[in-house]
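The sequence and the model are shown first.

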Amino acid sequence: MAGEVKRISEYEWELPRDYRPGMRVPARFFLSETLRKDLESGALEQLANVATLPGIVKYSLAMPDIHWGYGFPIGGVAAFSVDDGVISPGGVGFDINCGVRLLATPLRVGDLEKRRELVERLFQAVPTGVGAKSDRRLSGTDLEEVMVRGAAWAVEQGYGVARDLDRCEERGAMAGADPSAVSPKARQRGLPQSGTLGSGNHFLEIQEVTEIYDPVAAAAMGVAMGGVCVMIHCGSRGLGHQVCTDHLKTLEAATRRYGISLPDRQLACAPVNSPEGKAYYGAMAASANYAWANRQMITDMTRKVFVRMFGIAYEEMPLVYDVAHNVAKREEHLVDGRPVPLCVHRKGATRAFGPGVPGIPKELAAVGQPVIIPGSMGTPSFLLKGTALAMEKTFGSTCHGAGRVTSRTQAKKNLRGQQVRDRLAQAGILVRAASYESIAEEAPEVYKPSLEVVRVVDAVGISKLVARLEPLGVIKG
Amino acid sequence: MPYETLPHTADVRIRVTASGLESLFAEAARAMAAIMAPGCVPERTVTREVTVEAEDLEGLLHDFLSELLYLFDGEGLLLCDCQVTLQEGRLTATCRGEGFSREKHAGGAEIKGVTYSGLRIYKEGKDDVLEIIFDV
């Protein structure tokens with residue numbers, strides 16, 4: 001270990017190129033003093049590993065929710081030249097397009113007298129937990145459509161309204177999806193799971209807007225002080241997981257064929273424009289589209305529960321926005337003042353495009369792209385907006401969540417799910433989960449404080465705070 | 001206990017110990033089943049032959065566990081009792097288990113994938129040991 005961590009400014013840190021042999025670019029990450037105490041050495045090593053990949057542009061980056069993952073660190077962002085750079089499933093993860101969406105409602109906390117019943121009805125309506133199956137089993141033809149058209153397929157099938165698509169990153173369907181690169185095994189895993197939430201950190205949460213930091217942006221996005229919202233966090237289920245597994249195998253062979261040497265096998269990669277790289281991109285985009293359709297179907301289940309319980313109209317629950325947290329994308333960014341086509345990997349990071357950048361909804365062009373940062377069960381979530389500075393510093397990216405500080409095993413050892421549930425209930429947060437274990441694993445104290453993570457991205461300026469949302473009720477797998 | 005959990009903040013990292021590589025791989029399969037869906041009781045009627053090919057031991061282990069994960073998630077088969085045979089570049093296994101039931105096997109963690117990061121297979125005294133991280 002020749003080089004040392006350098007401090008660039010109050011919140012910005014650097015691993016210089018001489019930190020480790022083989023680094024092609026330096027690494028940069030954003031942390032406050034408080035967050036720095038929880039920084040794991042494994043996460044820094046992974047950040048340095050990414051800097052060794054061919055064709056990486058400017059920096060290997062990590063957001064303030066950086067933690068130890070596999071392949072890339074979680075919170076990692078890296079852009080690669082499409083001419084001589086690579087694409088890697090290790091920069092996306094198994095849960096392709098794991099993401100979050102936020103729905104507004106016309107309700108206020110006072111309207112939720114039957115909150116326990118609401119949580120229970122949502123739990124009954126949305127399949128959750130290990131082995132949960134969908135009520136709406138897709139046919140093989142449906143799945144083909146889902147992989148190419150994503151949320152648009154779901155809206156056409158009646159699982160939403162046309163306006164929902166305007167408020168999704170990529171309008172709920174990435175271009176370049178190639179179902180022929182998705183194996184029969186991946187399809188087999190995906191068929192029964194569309195419209196299911198999953199387990200682990202995935203959740204559906206009822207929230208209240210408790211603070212507005214930016215009234216103009218909040219009004220444009222459609223959230224109001226005191227309003228009740230719903231946040232949905234899930235991804236591409238078994239289909240995406242299998243796509244990652246399958247393509248890791250073909251890319252491993254490709255890595256050797258193209259003579260790329262790797263510090264971690266999980267970073268298996270191939271040139272962006274090689275047959276193997278293109279096949280992975282096509283399969284990954286198909287999985288991302290599956291995830292958008294999945295969140296759209298869960299949105300429909302959620303809206304129907306609210307419509308039945310509160311007598312509101314389906315259209316009165318507009319989608320605020322939907323963002324992906326785990327994805328690689330073809331994007332154009334300015335490098336040394338010139339627009340360059342890049343393959344941007346975001347692994348546990350959120351796109352945060354600034355005002356005027358193509359790809360954000362027309363009505364929000366002046367504001368910037370909405371960014372949704374989920375908290376944990378007992379801690380607040382945040383709505384932010386993308387900035388011009390993010391375009392300059394982080395390829396239009398910001399953090400994705402709080403980031404764990406305690407392992408799942410440790411959490412289960414130290415905490416009893418039932419006690420966590422009771423404690424949260426006393427604080428006014430109702431939790432309904434498939435098992436007590438999953439409540440213990442996801443207890444509020446196992447995460448970094450979400451407020452500190454968003455405070456740092458706001459202070460750095462790679463996204464700016466718009467609103468704060470406090471949890472009222474949660475369903476989990 | 002043939003497997004223990006090691007510290008890892010986000011995912012599940014385990015260490016498995018056995019005597020001989022074939023038993024080691026079988027114990028890893030048993031451990032993965034216990035993490036996903038505790039309480040598996042092998043039945044005679046649920047048997048699957050699994051074959052994978054890879055260039056090295058780590059690849060064989062990775063692909064073997066990934067195949068069992070597929071059978072769990074794609075076909076609802078919880079396989080926990082495997083007889084493993086290793087040959088050069090090839091693993092075959094006869095695996096027994098039971099059909100997954102949400103009631104019988106509640107409380108597990110959804111494993112998304114088997115990772116190569118931190119995957120190690122080594123000797124410790126007379127024992128064979130492996131360390132592996134599952135993305136959950």
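The sections below treat these topics in turn, for a model that is predicted.

## The largest pocket

The largest pocket holds about 440 Å³ of space. Its lining consists of 23 residues, and those nearest the centre are A:E170, A:R351, A:P358, A:G359 and A:I360. Strand β12 of chain A, residues 326-335, supplies the largest share of this lining, namely five residues.

Sorted by class, the lining of the largest pocket comprises eleven nonpolar, ten charged and two polar residues.

## The second largest pocket

In the second largest pocket there is about 330 Å³ of space. It is lined by 17 residues, and A:T409, A:K412, B:Y3, B:T5 and B:I35 are the closest to its centre.

The element that gives the most to the lining of the second largest pocket is α12(A), with four residues. By class, this lining has seven nonpolar, six charged and four polar residues.

## An open sheet in chain B

Chain B contains an open sheet of three strands in the order β3-β5-β4, with antiparallel pairing. Strands β3 (43-53) and β4 (77-87) of chain B are the edge strands, each of which pairs on one side only. From one strand to the next, the twist averages 25°.

In general, the strands of a sheet pair through backbone hydrogen bonds. Between β3(B) and β5 of chain B (residues 90-99), which run antiparallel, there are eight bridges. At B:V52, the bridge partner in β5(B) is B:L91.

## Disulfides

Over all chains, the structure holds two disulfides. One of them joins B:C40 to B:C80, with an S to S distance of 2.0 Å. This disulfide is left-handed, because the torsion about the S-S bond of B:C40 and B:C80 is about -60°. B:C40 is located in the loop between α1 and β3 of chain B and B:C80 in strand β4 of chain B, so the pair ties together parts that are 40 residues apart in sequence. Both B:C40 and B:C80 are buried.

A disulfide is also formed by B:C82 and B:C95, whose sulfur atoms are 2.4 Å apart. The link of B:C82 and B:C95 is right-handed, with 115° about the S-S bond. B:C82 belongs to strand β4 of chain B and B:C95 to strand β5 of chain B, so this pair ties together parts that are 13 residues apart in sequence. B:C82 and B:C95 are both buried. With bonded cysteines counted along the chain, the disulfides of chain B follow the pattern 1-2, 3-4.

A:C269 counts as buried because its relative accessibility is 0%.

Key
Residues are numbered from 1 along each chain as its sequence is written. Chains are lettered from A and ligands numbered from 1 in the order in which they are written. This is a predicted model: local features need pLDDT of at least 70, side-chain atom pairs count only at pLDDT 80 or more; totals for chains, interfaces and linings use all residues. Side-chain values use heavy atoms; hydrogens and water are left out. On a 1 Å grid over the protein atoms alone, a cavity is a set of points where a 1.4 Å probe fits but cannot get out, and a pocket is an open set with protein on both sides within 12 Å along at least five of seven lines; lining residues have an atom within 4 Å of a point. Grid points are joined across faces, edges and corners, and a volume is the space filled by probe spheres set on the points. Helices (H or I, at least four residues) and strands (E, at least two) are DSSP runs, numbered from the N terminus. Ala, Val, Leu, Ile, Met, Phe, Trp, Tyr, Cys and Pro count as nonpolar, Asp, Glu, Lys and Arg as charged, and the others, Gly among them, as polar. Two strands pair if DSSP finds at least two bridges between them. Axes are lines fitted to C-alpha atoms, for helices over the stretch in contact, and angles run from 0 to 180 degrees between N-to-C directions. A disulfide is a pair of cysteine sulfur atoms within 2.5 Å. Buried means under 20% relative accessible area, exposed over 50%, partly exposed in between (1.4 Å probe, protein chains only).
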